Amino acid sequence: MEVKTSLLDNMIGVGDMVLIEPLSEDTFIENLKKRFDHNEIYTYIGSVVISMNPYKSLPIYTAEKVEEYRNRNFYELSPHVYALADEAYRSLREQDKDQCILITGESGAGKTEASKFVMSYVAAVCGKGQEVNKVKEQLLQSNPVLEAFGNAKTVRNDNSSRFGKYMDIEFDFKGDPLGGAISNYLLEKSRVVKQPRGERNFHIFYQLLSGASDDTLKKLKLDRDFSKYNYLSLDSATVNGLDDAASFRTVRNAMQIVGFMEDEVQSILELVAAVLKLGNIEFKPESRCNGYDESRVKDKNDLKEMCELLGIEQSVLERAFSFRTVEAKMEKMSTTLNVAQAYYARDALAKNLYSRLFSWLVNRINESIKAQTKSRKKVMGVLDIYGFEIFEDNSFEQFIINYCNEKLQQIFIELTLREEQEEYVREGIEWTNIEYFNNAIICDLIENNKNGILAMLDEECLRPGTVTDETFLDKLNTVCAEHQHFESRQSKNSKFLTDHSLPHNCFRIQHYAGKVLYRVEGFVDKNNDLLYRDLSQAMYKANHSLIKILFPEGNPAKVNLKRPPTAGFQFKASVGTLMKNLLSKNPNYIRCIKPNDKKAAHIFTDSLVCHQVRYLGLMENVRVRRAGYAFRQAYEPCLERYKMLCKQTWPHWKGPARGGVEVLLTDLQVPAEEFAYGRSKIFIRNPRTLFFLEEKRRQCLEDLATLIQKIYRGWKSRTHFLLLKKSQVVVAAWYRRFAQQKKYQNIRSSALVFQSFIRGWKARKLLRELKHKKRCEKAVSTISAYWHGTQVRREYRKFFRANAGKKIYDFTIQRIMQKYFLGLKKMPSMSPVDKSWPARPYGFLDGTHQELRRIFHLWRCKKYRSQFTEEKKATYEEKLAASELFKDKKALYPSSVGQPFKGDYVEMTKNPKYQKLNSFVEDKVLVADVVSKINRANGKGAPRIFLLTKKSLVLADQKTGQVKASVPLPDLSSVSVSTQNDGFFALKLKEGSTSAAKGDFLLSSDRLIEIITKLHCIGATSADRNKINIDISDEFLVQFKQDKVCVKFIQGTPKNGNGVACKRKNNRLLEVSVPSP
Ligand SMILES: Nc1ncnc2c1ncn2[C@@H]1O[C@H](COP(=O)(O)OP(=O)(O)O)[C@@H](O)[C@H]1O
Ligand SMILES: [Mg+2]
């Protein structure tokens, strides 16, 4: 069994007290001392760690040490608190067992330090990662905050925890921390108002005053000087080795890491400041007429500042210090407070403020560090609770603390001593009983519900009538006098009557750790823990969020006349819960021992150590351990754990587990004295045997891991290979397909080329044959045609000769005519004025050609005419008439051809000037135009409106429309015009007609052709009238009234412009000169 164990190797004394020879109290203490002198502060008793406080820092808490102890077996290395932490953490992670680490010992023995080492070790070895690190950091940083508010310098310890603390650290299945939960027990709040000689108030007060900036202090209305505050004892305001200012910074930083908001920190500091201020409020008596003194606040400045800090109305608080409201049977009465009562009320308020703040802090920290998941958690609890305390003057607090330690001792006894022995008996293992002191009887003395001291105290507190500490003691004397662990002057042992070490107002309890004398003074008060309702109501009214939360009972809406549970009752209940909690977990013990009372390194006071060893029951512990077996385990899990060490049990053992374990141990050749078979468990005597098994198992697991690895690798490679193979087949199939496709395409294209060549050759052959055949057929038909021709010609030669000429001629003519007519198929244009006509192809067709042209012309004219409307037809008829009348007769005619005959040029109907004229003419107006009426006297023209209707013609003034003359058409005999290019015309009247009296009219108009044509047409169309003659000559006579005047037209160049000029030559001649065209 080659095991490297420092418990045996290079050992100073013995590392495990179980191995000590011979075992006695002296050798035990000698061993501790020897080790302590060599800085070996840790020693085992089996799995329990004894820790001596070195009072100096040792280099055994480094990161290297953590690595050294990590995942090592408990007995493998020299004893260390890390080994215990590692063991606990590993069984939590691997065996899924909730753990608790119970740290016990006197005040100053190193419990708090040990708890911090455990926590930091676990933090160092558990998982890493951003989230996990944050949780760890929060858990670790909760310590400085709680220490600042809950620790103080005492005579025994410069950093003594003045509260009990139990912290659950929660882990997930991987062993990563998820969060935690802290429970606190009984803060020693009396310290807030009074500290024993040589001790200090809680650290935070000194830290705040030394470390806060001037600005912060000003805001909190504080002064840096400690001596200004009544609540701060000056004895040891500064402590060697404690830097309050630096600690303050650490605390602020820790609060930030834990997750306190800036305003929360501010509120907390305000409360701390308020407590200091409260301590400075003093009272003076004021006599009242009823003879009683009433208290009054002496100097109101501190009160005022405190009220300002907490947002409390000063008068309300002031009144609460002078009066007290008592409620009885729905009646409210106000009683005055004397000075002593006022001081009592002030201190009660300060204590309550501070202790409630502390509980709030713990809750607030819990809120920050609580695990975020709801999944199942594994828990490691660390209990660091005040150790056994024996002072000169012991009061209620010590009583409570020592009660708690009694309970812890019970657990220790339960789990290690009694439980162990009982188990051997139960399992049928040979065993000689070990005597040990069971402190259950002391616990019963204190906590028994009927006649326990706590029950008596509660009964006394709730009893009506006057209740004092003395009445309480009397009660104890009557009820507990018989108890063997209770002593008082009145108790059964009359010898105490003469024992002067037992004063009258005291009782003594013989605890497991020694006798403690308790002074009853203050028991009732402290148990009642009363705060006058007026004060809690004043606090509730504060305009400060935190204060309001701390004093919920001050809410007038929730007035509760029932008394709150007493301090003793509450403590008992919370200790009960704690015990239940601890019992459900696997315990790990650290038993702290203090080497001296001077907080000094290197001093080992034998008597002090001996006392602790005794009351901690360490000797009994070793004895039980030595007589017993170091390790036990039920058969099933044991077989499950080690079955791989033996071929018969691996991988499956069929049959009872015990048989399996027997086979296993025999196979491993473990000496028979090293183990014993219990009924349900195997017991292993020596830790080394266990370690041997563990080592074997570790090796075996390595081999198994290699095997699993091998199989896994094989499986993985094979799967990989199969995958490759499968892929190869797929690739090959695809490649083959591709190759075959390509080959096929090659063959196919070759076949196509081949085919096309053959087809081409065949086609060409066929073509050649067909061509040859066709040529042959053609040759045949040609030959036969020639042959027939020859035959026919030979046959009909005689007929041909007789008629051939005529036939050929007819045929030729027919052909020519045919061609000619076909040529005419493309007609010239349909316009009647188009003169074009194709040229004559043959001279003999001349007549036909002209005739066809004429017919065609007539036909297209007819076609053209047939498109005319009636109106247009009338216009053309007029134009035709004009042409018949004047064409080639008057030079003016050609210019009129292009002008349409509009008829009305003056717009008779529209012009309002001619309204009268319009109404004068009844018929349709055929012509309305402005003409010149030539004056016979000078040949000049005057403008006249000329109107022509079917029945008459009218001359009217152009400007006024006044009718000058109206001539019925039958009175008109003829019209004379010249041949020239002028507009003169003479209207001649029938001799003897009525109109003739005024004489003929000589007029001139540019539209002469139109006027005359229309005049002529009227004559031609009406049957009742003669045609009006039109004379065209260059000389005619005009009858002006009596005279006949000759109008002669000559051609000449007019002098001015190229207009027509009319001149009177003499009485009988008017000469009109017309410009030559
Ligand atoms: N392991 C240790 N190494 C160095 N100093 C220690 C150790 N344990 C305790 N101390 C010293 O002893 C003092 C008191 O320890 P502490 O744990 O506060 O005692 P307890 O909590 O038991 O009252 C600490 O402030 C520290 O100076
Ligand atoms: Mg402590």
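Visitor: Let's start with E67. What makes E67 partly exposed?
Guide: The relative accessible area of E67 is 48%. Buried means under 20%, exposed means over 50%, and partly exposed is what lies in between, with a 1.4 Å probe and protein chains only. So 48% puts E67 in the in-between class.

Visitor: And before we go on, what am I looking at?
Guide: It's a predicted model, so local features need pLDDT of at least 70 and side-chain atom pairs count only at pLDDT 80 or more, while totals for chains, interfaces and linings use all residues. Residues are numbered from 1 along each chain as written, chains are lettered from A and ligands numbered from 1 in written order, and side-chain values use heavy atoms, with hydrogens and water left out.

Visitor: Back to E67, then. Why is its contact with R70 called a salt bridge?
Guide: The rule asks for a side-chain nitrogen of Lys or Arg within 4 Å of a carboxyl oxygen of Asp or Glu. E67 and R70 have an N to O distance of 3.1 Å, so the pair passes. R70 itself is partly exposed, at 26% relative accessibility. By this rule the count comes to 55 salt bridges.

Visitor: How do you know that R296 and E286 belong on that list, and what does the pair tie together?
Guide: Their side chains meet at 3.4 Å, N to O. Strands here are DSSP runs of E with at least two residues, helices are runs of H or I with at least four, and numbering starts at the N terminus. Both partners count as partly exposed: R296 sits at 23% and E286 at 35%.

Visitor: What about K806 and D810: how far apart are they in helix α26?
Guide: Four residues, which means about one helical turn. The side chains of K806 and D810 meet in a salt bridge at 3.2 Å, N to O. K806 is exposed at 57%, whereas D810 is partly exposed at 35%. Elsewhere, salt bridges that share partners join R162, E188, R191, E199 and E389 into one network.

Visitor: Which residues form the nonpolar patch?
Guide: V753, F754, F757, I758 and W761, with about 580 Å² of accessible area together. That area comes from the Shrake-Rupley method with a 1.4 Å probe; for residues, only the protein chains shown count as cover. F757 lies in helix α26 (residues 687-824) and is exposed at 59%.

Visitor: How do you know which atoms coordinate the magnesium ion?
Guide: Donors are N, O and S atoms within 2.8 Å of the metal (3.2 Å for Na, K and Ca). T112 (OG1) and S161 (OG) coordinate the magnesium ion (ligand 2) at 2.0 to 2.2 Å. This pair links distant parts of the chain: T112 is in helix α4 (residues 111-125) and S161 in strand β5 (residues 160-161), 49 residues apart. Water is not among the atoms, so sites may look incomplete.

Visitor: Are T112 and S161 buried or exposed?
Guide: Buried: T112 is at 13% and S161 at 14%.

Visitor: What makes the backbone at N71 and D96 worth a flag?
Guide: Neither is a glycine, yet phi is positive: about 55° for N71 and near 60° for D96. N71 is in the loop between α2 (63-69) and α3 (81-94), and D96 is in the loop between α3 and β3 (99-104). Both are partly exposed, N71 at 46% and D96 at 39%.

Technical notes. Patches are made of residues with over 30% relative accessible area and no salt bridge: like charges are joined within 9 Å, nonpolar side chains (Val, Leu, Ile, Met, Phe, Trp, Tyr) within 5 Å.
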